[in-house]
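Please look over the sequence and the model shown here before reading on.

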Amino acid sequence: MPGYAEIRLAFPSQASIGAQIAAFEPDCIHIATEGPIGFAVRRWCVRRSIAFTTGFHTRFAEYLSARLPVPGIERLGFAALRWFHSPSAAVL
């Protein structure tokens, strides 16, 4: 994670995420983060019309703006967050 060497990001394949979810057979799905795993699970749920909830815990747009001082980047960050969370049944 840029700026946080102690945070390692996982980049799973769509197939592995889908297989793990299918094997687990969950009654419901909650996506706790907008990270790579969250994006993969979101994509899996949206493609299969499976309801899910998401959690908004970070200040990603502000973080992005602080790390990448480009005009309008914070607005783009918030747009990305809206896109990510908009298909969820609820945002916690």
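**A helix, its rings and the cysteines**

W83 is partly exposed, with a relative accessible area of 46%, where partly exposed covers the range between buried, under 20% relative accessible area, and exposed, over 50% (1.4 Å probe, protein chains only). This is a predicted model, in which local features need pLDDT of at least 70 and side-chain atom pairs count only at pLDDT 80 or more, while totals for chains, interfaces and linings use all residues. Residues are numbered from 1 along each chain as its sequence is written, and side-chain values use heavy atoms, with hydrogens and water left out.

W83 stands in helix α4 (residues 73-85), helices being DSSP runs of H or I of at least four residues and strands runs of E of at least two, numbered from the N terminus. The 13 residues of α4 reach 18 Å from first C-alpha to last, close to the 18 Å expected at 1.5 Å a residue, the expected span being 1.5 Å times one less than the number of residues. I73, G77, L81, F84 and H85 are the buried residues in α4; seen down the axis they fall within an arc of 105°, so they line one face of the helix, the arc being that of the directions from the helix axis to the C-beta atoms. These buried residues pack against β1 (30-31), α2, β2 (53-54), α3 (60-67) and β3 (90-91), with contact meaning heavy atoms within 4.5 Å. On the face turned away from the buried side, α4 carries the exposed residues R75, L76 and R82.

The whole structure holds two aromatic pairs, counted when ring centres of Phe, Tyr or Trp (its six-membered ring) lie within 6.5 Å, with planes under 30 degrees apart called stacked, over 60 edge-to-face and the rest tilted. F39 and W83 form a stacked pair, 5.8 Å centre to centre with 20° between the planes. Because F39 lies in helix α2 (residues 36-47) and W83 in α4, the pair ties together parts that are 44 residues apart in sequence. F39 is partly exposed, at 31% relative accessible area, and ring pairs link F39, W83 and F84 into a cluster. R42 lies over the face of W83, 3.7 Å from the ring centre; such a charge must have NZ of Lys or CZ of Arg within 6 Å of the ring centre and within 35 degrees of the ring normal.

The structure holds zero disulfides, a disulfide being a pair of cysteine sulfur atoms within 2.5 Å. For C28, the nearest cysteine sulfur, that of C45, is 10 Å away. C28 is exposed, with a relative accessible area of 62%, whereas C45 is buried at 0%.
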